[in-house]
Amino acid sequence: MEEKENIRNEICSRTLKTGSRTYFFDARETRAGDYYLTITESKKTFSETGEITYKKHKIYLYKEDFAKFKSILDNMIRFIINEKGEEVISERHQKDFKGQSQSFNQNNNIKSK
């Protein structure tokens, strides 16, 4: 994972790259001059023609919701870590993952045709 911090026009922006996903955390200014947070997930995908496209999902978070949002996020992270630990257990996240059918065949000493 790579984290990057930028400051543009007194607005703070951070980027977190994690494999095929990139997360953007941006402090933006309202018309009234107050700040709010946008969190954008951008995921690289490939079209049927092989063109690279990006799917983006955005959350707008305003100051009046910060405390409740942070509380729920902290609780959910704590719950997941307490239940499953910090280690990623999905074999799909391993660099040498070859897919379920090949793993099944290798584990059972069955050669694929």
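1. Let's begin with strands S2 and S3. Strand S2 (residues 11-18) and strand S3 (residues 21-29) run antiparallel and are joined by six bridges. Two strands count as paired if DSSP finds at least two bridges between them. Helices (H or I, at least four residues) and strands (E, at least two) are DSSP runs, numbered from the N terminus.

2. A word on the model before going on. It is a predicted model, in which local features need pLDDT of at least 70 and side-chain atom pairs count only at pLDDT 80 or more, while totals for chains, interfaces and linings use all residues. Residues are numbered from 1 along each chain as its sequence is written, and side-chain values use heavy atoms, with hydrogens and water left out.

3. Now follow S3 to its other partner. Nine bridges join S3 to strand S4 (residues 35-46), and the two run antiparallel. Here Ala27 has Leu37 in S4 as its bridge partner. The S3 and S4 hairpin has five residues between the strands, and Gly33 in the turn has a positive phi of about 95°.

4. Next, the helix. What span should the 19 residues of H1 have at 1.5 Å a residue? The answer is 27 Å, and this agrees with the end C-alpha atoms, which are 27 Å apart. The expected span is 1.5 Å times one less than the number of residues. Just after H1, Gly85 takes a positive phi of about 75°.

5. Ile59, Phe69, Leu73, Ile77 and Ile81 make a nonpolar patch of about 390 Å², and H1 gives the most to it, with four residues. Ile81 is found in helix H1 and counts as partly exposed because its relative accessibility is 32%. (Buried means under 20% relative accessible area, exposed over 50%, and partly exposed in between, with a 1.4 Å probe and protein chains only.)

6. Is Glu64 buried or exposed? At 63% relative accessibility, Glu64 counts as exposed. Glu64 is found in the loop between strand S5 (52-62) and helix H1 (66-84). Glu64 and Tyr36 are 28 residues apart in sequence, and their C-alpha atoms are 9.4 Å apart in space.

7. Tyr36 brings us to the rings. Ring pairs link Tyr36, Tyr60 and Tyr62 into a cluster.

Key:
Patch = residues over 30% accessible without salt bridge, like charges linked within 9 Å, V, L, I, M, F, W, Y side chains within 5 Å. Areas by Shrake-Rupley, 256 points an atom, 1.4 Å probe, with all protein chains shown as cover. Salt bridge = Lys/Arg side-chain N within 4 Å of Asp/Glu carboxyl O. Phe/Tyr/Trp six-rings, centres within 6.5 Å; stacked < 30°, edge-to-face > 60°.
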